[in-house]
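Me: I would like to learn how to read a model like this one. Can we go feature by feature?

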Amino acid sequence: MSAVKAREWQRAHLDSMVVLSIRNVHKRNALICLGAVGFIACVFFGLPRRQERLGRRAGLSANSTQFLLEGQPFQILGGSVHYFRVPRPYWRDRLLKMKACGINTLTTAVPWSLHQPQKEVFSFQSQLDLEAFINLAADLGLWVILRPGPYISSELDLGGLPRRMYTYTQTLYARLEVATARVKGGPAQAFWLLRDSSMRLRTMYPGFTQAVNVYFDKLIPKMVPLQFKKGGPIVAVQVENEYGSFAKDDSYLLFIKEALKSRGISELLLTSDRLDTLEWGGVDGAIRAVKLQKVNQRHVQDLRALQPSSPTMVMDLWTGWYDVWGELHHVLPPEDMVSAARELVSQGMSVNLYMFHGGSSFGFMTGALGEPSYKALVPSYDYDAPLSEAGEYTPKYHILRDLLSRFTRGRVLPEPPALHYRESYEPAVTYQHLSLWDALSYTEGPFRSPKPVNMENLPVNNNNGQAYGYTLYETTITSGGSLKSGDSVRDRALVFVDRSYIGLLKHKRLELAVPGGKGPRTLSLLVENCGRVHQGGGLDKQRKGLVGEILLNNIPLRDFTIYSLDMKPSFIDSLYQAPWKTLSEGPTFPGFFLGKIFVYGYPSDTFVKLPAWKKGVVFINGLNLGRYWSIGPQQTLYLPGPFLNSGINQVIVFEEQEGDYSVHFEDTPDLGMAADL
């Protein structure tokens, strides 16, 4: 299939996925016609017309005991779904399943980092069409609570603060040719906040507040027409997120609140914090909501005592938890989650489930924990939520639906939509390989420097720096000895001498023995950015690569040649012209491995599994699915059907150390051995 035909097919494929469970063309057309008739009937005989909606005056408000919507009692039964973690062709499916569960309000966070990937570039198209997502919620009868940030946490790299993204969303844009910005070598965006060495994130530091103002100047005008009083579904807006656990700065929260209001936000304002930091994270004029996992009467009493003149709302009732590499898969028993929801809802309190559906952190979107020690997050954001990563119903979903069906004020819940078909495809046996060293000529650069330079300050990507992936640092040594990294490696470094692997440097392994040898030799450090922390006081210190000196026998190494390996779309595309070798010639590591998967007919969801590989990244048709790592817990990567073509699909695996050359595709996920929270 030619590149042009492939792109044309993929466009048609994505469009067709709007009606996911219909595989017969005639049935699909019939349903579309029926839907159109139904829509017209609703417009003229049922739902309020737009002119009437524009006449709304009283949005969501609060008295001392309850919320009111247009003056009538309203209990928020909410659920969080992140549009940027769900393939756009599946948005409708996920929201219909939410509606069928008894949820009346969608909560979604807005990642600044994706919408403003470069200082002068804004992206609100395709996968990031936030307006389309909110309008879809309205069409399906859901109200919306918006969390515009600027900081959202959400277990994203740097908590969603600006960075350069070469993940699923940007790669998808490149494939569909709808990216908002293109420069030589592909879409270039800068991790521009951290290029300021004095940057103080989430403070009144002028460089940060100026950046927030520029971002809100673009984002908020798009949201204003979607507010309730203007006929839209947005009934409330959150001011920042969990600020009480970060700092105590009334002036900063006031700045964010006024930044929203001055640009036209007129709906109810909320803040959201854990109970122990709730007092610090509030701001006058916004209702304080709380984040909880378990509920007891003391929690409720404390919250009511803090704001006796406002109704109680749990903005995040955690339905599960996220996972980190090297630990177990976290689960929250369904009975525990629903018990907490029952306690809150039965008392008339409003609640939002975080997450109702987690989705996936495709590519390099994931964040990390910084305390008590650094731990990187896995790409799955299944979160043990009521709706699984792939949109499957879980026991939590069914129990929750039964509970919420009692609070629908006489409405009968719609039937849950049919599930997508999942398939186990034949394994893709990789038949060619390309060593890392042979791929270096396809990178931008190299760049030479007397001292190590961190990723963000490399003069690559149109002088915007590097944000993600790997960076290779090479220098010449003339002796062996003790190699010490101190705190300079962020976050893992594979170390080679004359391209032979000798060991690993990372956060807790700071010294390595370098074997002796004759004459000058090349010392190479392949440094991986495993993800920036998503919360805590260390946000300002999240520069990656080599951030300081590397010592050999206590002498700083000098004169580095540096290669940027951010795995961006143009780089992956360029590898198809590289001198690939057959596996019979003996592969070397690190390296790229090329294979194919053939899909008959309509592509279905599947899960990628690499049982005998160690650590690396998987690309399907150039789309970065994310990292895999044998240490678990996650053992499969979710591969949505819209990412596949009917026919031949390219599979590229970047493996750091070892692999068996076979990529498996299974019909069930494997998130690892579970442990109760």
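This is a predicted model: local features need pLDDT of at least 70, side-chain atom pairs count only at pLDDT 80 or more; totals for chains, interfaces and linings use all residues.

Me: How many helices and strands does the protein chain have?

Reply: The protein chain has 14 helices and 37 strands.

Me: What share of the residues is buried?

Reply: Of the 677 residues in the protein chain, 60% are buried. The chain exposes about 25,500 Å². Carbon and sulfur atoms supply 53% of that area.

Me: What do the contacts say about sequence distance?

Reply: Take contacts between residues at least 6 apart in sequence. In this chain, 80% of them join residues at least 24 apart.

Me: How do I read a sheet?

Reply: Start with the general idea. Strands of a sheet pair through backbone hydrogen bonds, either parallel or antiparallel. Now the case here.

Me: How many bridges join β18 and β24?

Reply: Strand β18 (residues 470-477) and strand β24 (residues 521-528) pair over 8 bridges, in the antiparallel sense.

Me: Which strands pair with β19?

Reply: Strand β19 (residues 481-484) pairs with strand β23 (residues 511-514) in the antiparallel sense, over 4 bridges. There, Ser482 stands opposite Ala513. β19 is also joined to strand β26 (residues 551-552) by 2 bridges, again antiparallel. On that side, Leu483 stands opposite Leu552.

Me: How do I read side-chain directions along a strand?

Reply: In a regular strand the side chains alternate between the two faces of the sheet. Strand β34 (residues 636-639) is the case to look at. Thr636 and Tyr638 point one way, while Leu637 and Leu639 point the other way. All four directions end in cover: these residues are all buried.

Me: Which strand pairs with β34?

Reply: Strand β31 (residues 606-609) does, in the antiparallel sense over 4 bridges. Thr606 of that pairing stands opposite Leu639.

Me: Now a helix. Which residues of α10 are buried?

Reply: In helix α10 (residues 297-306), the buried residues are His299, Val300 and Leu303. Seen down the axis of α10, they fall within an arc of 95°, so they line one face of the helix. What do they pack against? The buried residues of α10 pack against β9 (287-292) and β10 (313-318).

Me: Where is Phe592, and is it buried or exposed?

Reply: Phe592 is found in strand β30 (residues 591-599). Phe592 is buried, at 0% relative accessible area. Beyond neighbours within four places in sequence, its contacts include Leu434, Met567, Phe571, Trp580 and Phe654. Phe592 and Leu436 are 156 residues apart in sequence, yet 7.0 Å apart from C-alpha to C-alpha.

Me: What about a loop residue, such as Thr394?

Reply: Thr394 lies in the loop between β14 (375-376) and α12 (395-404). Is Thr394 buried or exposed? At 17% relative accessibility, Thr394 counts as buried, since the cut-off is under 20%. Among residues beyond four places in sequence, Thr394 is in contact with Ala385, Pro386, Leu387 and Ser388.

Me: Last item: how many disulfides are there?

Reply: A search of the whole structure finds 0 disulfides. Cys101 is buried, with a relative accessible area of 0%. Cys530 is buried too, at 5%.

Technical notes. Residues are numbered from 1 along each chain as its sequence is written. Side-chain values use heavy atoms; hydrogens and water are left out. Two strands pair if DSSP finds at least two bridges between them. Buried means under 20% relative accessible area, exposed over 50%, partly exposed in between (1.4 Å probe, protein chains only). The arc is that of the directions from the helix axis to the C-beta atoms. Contact means heavy atoms within 4.5 Å. A disulfide is a pair of cysteine sulfur atoms within 2.5 Å. Accessible areas come from the Shrake-Rupley method with a 1.4 Å probe; for residues, only the protein chains shown count as cover.
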